[in-house]
Structures are given as structure tokens and as C-alpha cells.
Amino acid sequence: MRRADKTEESAVYQRVVLKNASPYHYMKVCLVLEDASTRPSAVELKQFIITGLKSLYGEVGAALNFDLLKYDENTLTALLRVCSRGLVKLWSSLTLLGSYQNQICAFRVLQVSPFLLALTGNSRELQLY
Amino acid sequence: MSVFMDLNLSFSEDRSQLQSLVEMAAHLGFSTVAINYVFEPTAKKKQEIPVPKPINELMDQLPIVQGRSRPIRVLNRLTVVMSDSSHFRPNAAEYRRFDLLAVHPTTEKLFHSACMLYDVDIICVSVTEKLPFFFKRAPVNGAGERGVVFELCYSAAIRDSTLRRYTIANALTLMESCRGKNVIVSSAAEKALELRGPYDATNLYPAAEGLLFGLSDADAKEAVSSTCRSVLLHAETRKTASGIIYTMKSCSQQEETPESEPCRYSQEPVNVPQSSTVDVLTV
């Protein structure tokens with residue numbers, strides 16, 4: 001055991017093993033609005049998500065820890081970080097959000113992963129030749 | 001794993017709206033959808049049972065399902081809203097035009113007979129009102145044994161917060177008696193933006209902390225995939241005679257005679273399994 005450790009000391013990479021205990025989950029979501037000209041800002045989007053959490057889970061749900069890491073206003077695509085225990089709550093409140101400023105809307109959850117790196121690419125959008 | 005299905009897309013006269021609905025379903029990854037025609041008989045006047053429109057009349061080309069490079073499969077489904085036992089006529093010829101048959105019982109007595117007697121595929125659970133009756137174990141178990149499933153729709157929960165309350169409450173009462181088995185989840189969407197993806201629907205039903213609809217992870221996934229598949233297979237059995245003779249749509253006729261009406265059920269048995277005993281029976 002120890003000998004193996006010695007030989008691996010020179011390795012430049014570090015191996016991280018998480019046994020079902022990754023602290024955060026990352027979600028890539030896209031907001032689809034009926035009227036495409038409406039463009040909520042990052043602050044408005046986060047406020048909107050909190051309203052959704054509050055209407056479904058109440059004050060306790062609204063206190064859920066989540067962050068808006070990145071937001072592209074042109075495509076309305078956002079990267080959310082949420083602690084793993086709150087993933088189901090956040091996701092279900094996004095699913096049941098149905099209207100933004102009196103127009104129909106839908107959140108399309110594009111990707112969910114416990115690793116942020118996994119959201120850099122999407123295997124469903126690959127163009128294979 | 002079975003493919004994802006959404007067995008309830010509301011039919012609308014507006015052709016473009018229906019098209020965008022099917023396109024969105026294909027984009028979200030549903031391999032099979034069913035267009036739902038609702039028939040609500042009233043005591044006062046006699047009404048006609050709706051006739052399903054052939055799919056190729058509704059849309060020119062079926063969209064490709066995301067990630068499967070195969071066109072989406074579109075079925076027809078009839079939902080009979082029952083407030084009286086005479087509203088459901090077993091063996092009505094009009095029902096035979098539909099691929100799936102569902103009933104929506106509004107009283108406990110009708111619910112009992114729908115579970116135990118009627119030859120249907122789906123029993124709809126009301127989501128727009130407080131449940132007028134209690135789900136008893138006996139009929140729910142009886143439905144499970146007969147392969148009849150219960151359906152929960154989520155689009156009402158998206159539209160309105162009061163309806164959301166009813167949806168969750170009714171879903172939880174149902175789960176108490178059927179323990180998560182024999183339940184399908186569908187959208188009942190009228191607009192494309194009311195549809196949600198299969199994984200979103202799955203996520204609505206986790207039992208993790210007694211959340212929302214109270215299904216376990218595996219059951220929740222089955223509710224949008226393999227249970228739906230068993231519904232389709234159950235619907236096929238309605239077209240067989242003792243499991244020996246099978247009637248199927250004669251879509252191949254269309255190529256030979258384009259003028260003839262496509263996608264009608266032929267009255268004679270078309271596809272007979274290779275078994276020598278069958279010939280005697282068919283005559």
C-alpha cells in the first residue's frame with residue numbers, strides 16, 4: 001500500500017472520488033417565453049425563480065440556497081448551482097412555473113450534473129460525421 | 001428501459017397549435033404521444049362521439065424525436081367523462097376507432113365499476129376539483145390486476161395554484177391506496193409551453209422527503225415510460241379475440257388506392273398468427 005503511494009507521488013493529476021456526496025448540483029436551464037422580446041435581467045430571473053420556490057414550498061422553500069452562476073440574456077440560458085439536498089425542490093418548482101408577467105413560460109432543464117465541468121458540452125448537440 | 005410517452009395531448013381544432021404541440025413533444029424526447037378527444041355526455045341532448053382525425057391529415061410530416069432519429073408515433077385516445085353509468089357503452093363501434101380508451105368517473109360507484117368491469121385502458125383521476133370520493137383499496141387493486149392504470153395530469157398544476165393544490169392532494173390520496181404502481185403521468189397540455197420534459201415529470205414525483213406526488217424514483221420513471229407501454233399493449237388486447245385473432249389498421253391500402261380512406265380498421269382479421277389451430281377458429 002505504502003509503496004504504491006510512493007510511486008504515485010510524482011503524478012501530476014489528482015484523483016477526486018465523491019461517493020454520492022457531492023455538495024452541489026449544477027443545472028443548465030433555459031427560459032422559454034411566449035413573447036420572445038421580453039428579456040428578464042439576471043436579477044429579475046433569480047427573483048422569478050425565488051417566487052416559484054415560494055409559491056410551491058413557502059417561506060422555507062424560498063430560503064433554499066441556490067446561485068445563478070452565469071446567465072446569457074440573449075438565449076435566456078442560465079447556470080444554477082444548488083446544494084444537492086435542494087435539487088429536487090428547485091427542479092420541481094422550475095417545472096411548475098408557468099407564467100412570467102402574465103405570459104406563459106416554461107423552464108427547459110437542459111442538463112443536470114454534480115460536476116460543473118460536465119456542463120461544458122452536451123452529447124445531444126454533438127454533430128457526428 | 002422503455003421509451004418515454006405522453007398519452008394525453010388535448011385535441012384542438014386549431015391545426016397549427018396541435019402541430020406545435022406534437023413538435024414540442026418530439027423535441028422534449030417523447031417517442032409516443034396520444035391526442036386526446038374528450039366526450040362528455042349530458043342528460044339533456046344526445047351528442048355524437050367524436051371521430052378521430054387521421055394523423056396524416058393533421059400534419060404533413062411527423063417530427064423526429066430528439067436523440068432517437070425516428071419519427072414520433074401519434075395515437076388517438078378517447079376520454080369519456082362519466083356521471084352516469086349509461087354514459088359508457090361497452091362494445092360501442094365508435095370506440096373502436098381510437099387506439100386508447102379512457103374513462104373519467106365522477107362518482108364512487110362509477111369508479112368502482114370502471115376499475116372492476118369496464119373494458120378500458122386508463123382511468124383518469126380528477127385534478128380540477130377536490131376528490132368527491134375516497135379511493136378504496138379493493139377497486140384500486142382490482143384495476144391493477146386487470147392492467148387498467150390511473151392517470152395524473154400535471155398541466156393544470158402549471159396553470160393555476162388552486163388547481164395545483166388539488167392535483168397534489170388527489171395524487172397523494174391515490175398513491176396511498178395504489179402505492180405508486182399502475183400510475184401514468186401525462187400532460188393534458190393544450191399549448192406547447194404547457195408541456196414538460198420526461199425528466200421534469202419524473203422529478204415531480206419523488207418520495208425523497210414526502211414531496212409532491214409521493215412516488216419512488218423508480219416508480220416515477222416507470223410512470224412516464226414502461227407503464228405507458230403496458231397501457232398500449234393492454235389497448236392492443238381489446239382488438240384481439242381471445243388473444244388469437246388480431247385486427248390491425250390497414251395502412252398499406254393507402255399506397256394501392258390513395259383515394260380510399262386511410263387508417264380504418266378492417267373488419268376481418270388481417271393478421272393471423274402462424275398456428276394451425278387458428279384457421280379453424282377464424283372460419
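A residue counts as buried when its relative accessible area is under 20%. Keep that cut-off in mind as we walk through this predicted model, beginning with a proline in chain B.

**A proline in a loop**

P54(B) sits in the loop that links β2 (32-39) to α2 (55-58) of chain B. Is P54(B) buried or exposed? Its relative accessible area is 19%, so P54(B) is buried. For a sense of distance, take F4(B): 50 residues separate P54(B) and F4(B) in sequence, and their C-alpha atoms are 23 Å apart in space.

**Chain B as a whole**

What share of contacts in chain B between residues at least 6 apart in sequence joins residues at least 24 apart? The share is 69%.

**Two helix pairs**

Two packed helices are described by the angle between their axes and the distance between the axes.

| Helix pair | Residues | Axes come within | Crossing angle |
|---|---|---|---|
| α3(B) and α4(B) | 108-116 and 137-146 | 7 Å | roughly 25° |
| α2(A) and α3(A) | 42-62 and 87-95 | 9 Å | roughly 100° |

Let us take the chain B pair, with its crossing at roughly 25°. Angles under 35 degrees count as roughly parallel, and α3(B) and α4(B) are therefore roughly parallel to each other. Their crossing is left-handed. On the α3(B) side, the contact is made by F111(B), H112(B), A114(B), C115(B) and M116(B), while α4(B) brings A138(B), P139(B), V140(B), G142(B), A143(B) and R146(B). Sorted by class, this contact of α3(B) with α4(B) has eight nonpolar, two polar and one charged residues.

Now for the chain A pair, where the axes cross at roughly 100°. That angle makes α2(A) roughly perpendicular to α3(A). From α2(A), the residues in contact are I49(A), G52(A), L53(A), L56(A) and Y57(A); they meet K89(A), L90(A), S92(A), S93(A) and L94(A) of α3(A). How do the residues of the contact of α2(A) with α3(A) divide, and how many are charged? They divide into six nonpolar, three polar and one charged.

Terms used: Residues are numbered from 1 along each chain as its sequence is written. Chains are lettered from A and ligands numbered from 1 in the order in which they are written. This is a predicted model: local features need pLDDT of at least 70, side-chain atom pairs count only at pLDDT 80 or more; totals for chains, interfaces and linings use all residues. Side-chain values use heavy atoms; hydrogens and water are left out. Axes are lines fitted to C-alpha atoms, for helices over the stretch in contact, and angles run from 0 to 180 degrees between N-to-C directions. Helices (H or I, at least four residues) and strands (E, at least two) are DSSP runs, numbered from the N terminus. Angles under 35 degrees count as roughly parallel, over 145 as roughly antiparallel, 65 to 115 as roughly perpendicular and the rest as oblique. A crossing is left-handed if the near helix is turned anticlockwise from the far one by less than a right angle, and right-handed if clockwise. Contact means heavy atoms within 4.5 Å. Ala, Val, Leu, Ile, Met, Phe, Trp, Tyr, Cys and Pro count as nonpolar, Asp, Glu, Lys and Arg as charged, and the others, Gly among them, as polar. Buried means under 20% relative accessible area, exposed over 50%, partly exposed in between (1.4 Å probe, protein chains only).
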